[in-house]
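Thanks for coming. I have one structure to go through today, and I will keep it short. Please have a look at it first.

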Amino acid sequence: MSPPFLPRLWSILVARLDWPLLLITIAIMATGLATVYSATYDANNRLLAQSLNMVVGFVAMWTVAQLPPQKLMRFGLPLYILGVILLLLVFVVGVKVNGAKRWLPLGFTRIQPSEMLKIAVPLMLAWYFHQHEAQLKWRHYCIACLLLLVPFALIAKQPDLGTAILVGAAGFYVIFFAGLPWQIIVGLAAAAAAAAPFVWTLLHDYQKKRILTLIDPSSDPLGAGYHIIQATIAIGSGGSFGKGWLSGTQTHLEFIPERHTDFIFAVFSEEQGLLGNAFLVLLYLLLIGRGLMIASSASTLFSRLMAGSITLSLFTYAFVNMGMVSGLLPVVGVPLPF
């Protein structure tokens, strides 16, 4: 006799899901929805859009979770090749928006190929290291760095340095977890420091302005420095315990720019204060810790590399966004996860 329908359906739905990771993610998402509502209480279509995005994300998460790593690994090379081809096409037929050629028109819509590389690059590198697991040598790390450098350079050329750094970080995490020797890491860090003056000459004017504004936001208080100034005012005005949900003055008087997207952390900080920030950071630390635990217990090298890279990519997103909003890092288009 077959088991009852509902219990069987429930077992199918929760198969391959890690409950601690799922519950932590739901807690962060619930916090995010509450903050989006406060930031856009006069335009609840934003809340609806965010909710729909989360539903789509859950469906995608569940779908991918059902795929065995062996099947998922097969997408690495095709996705990487397709992504690089699309990046090259951007320079030929791409659409320029705000001075940057990042979009590829498809007639009925347009796509940003660089977003695909955030998954395709770590997937490709994890597949590559898995193929050579038994005989990893220096040349394999050099080839992996070259595979990472190609999309990084193409994305930076658009120019989109923020996305290029995120793609580079996701790929670097795979190479690091694959056993990249510390001598190479130290050497790369030294080379990057030595090349900094040269890299400065290659930056676009708006990129240089973002860095200079980070050092002294008051140099352009109504222009490039406006975002940082208003965000830091909001964070500081929250104090230890915050002004309360729906009670942020900087938020509701619309001083905070992009308050429902890139600068939503300023909204949360003003309303929940230092205590709320500590709770939010704790949730992210639990999420990252659980992700690394899952990575360490994975049965294959591919699974370990992908889980570790995705986990630390979330850390990078959270760290960069909070640092940007707090005035510790230059302003780049990096959203706060969930």
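Start with helix H6, which bends by about 35° at Ile119. A proline, Pro122, follows within four residues of that position. Keep in mind that this is a predicted model. H6 runs over residues 113-131, so to speak 19 residues in total. From its first C-alpha to its last it reaches 26 Å, close to the 27 Å expected at 1.5 Å a residue.

The largest nonpolar core has 31 residues. Those with the most contacts inside it are Leu117, Val121, Leu125, Phe129, Ile175 and Leu305. Which elements give two or more residues to this core? They are helix H5 (76-93), H6, helix H7 (138-157), helix H8 (161-177), helix H9 (182-202) and helix H14 (301-325). H6 gives the most, with nine residues.

Take Ile175 as an example. Leaving aside neighbours within four places in sequence, Ile175 is in contact with Leu125, Phe129, Tyr141, Ala144, Cys145, Leu148 and Leu180. Another core lies apart from this one; it has 27 residues, including Ile24, Leu166, Phe268 and Leu280.

Last, the backbone. Most residues other than glycine have a negative phi. Leu246, in the loop between helix H11 (226-237) and helix H12 (249-252), has a positive phi, near 70°. Leu246 is partly exposed, with a relative accessible area of 35%. Phe338 sits in the segment after H14, and its phi is also positive, near 65°. Is Phe338 buried, exposed or partly exposed? At 35% relative accessibility, Phe338 counts as partly exposed.

Technical notes
Residues are numbered from 1 along each chain as its sequence is written. This is a predicted model: local features need pLDDT of at least 70, side-chain atom pairs count only at pLDDT 80 or more; totals for chains, interfaces and linings use all residues. Side-chain values use heavy atoms; hydrogens and water are left out. The expected span of a helix is 1.5 Å times one less than its number of residues. The bend at a residue is the angle between axes fitted to the seven residues ending there and the seven starting there. A nonpolar core is a set of buried Ala, Val, Leu, Ile, Met, Phe, Trp, Tyr and Cys residues joined through side-chain atoms within 4.5 Å. Buried means under 20% relative accessible area, exposed over 50%, partly exposed in between (1.4 Å probe, protein chains only). Contact means heavy atoms within 4.5 Å.
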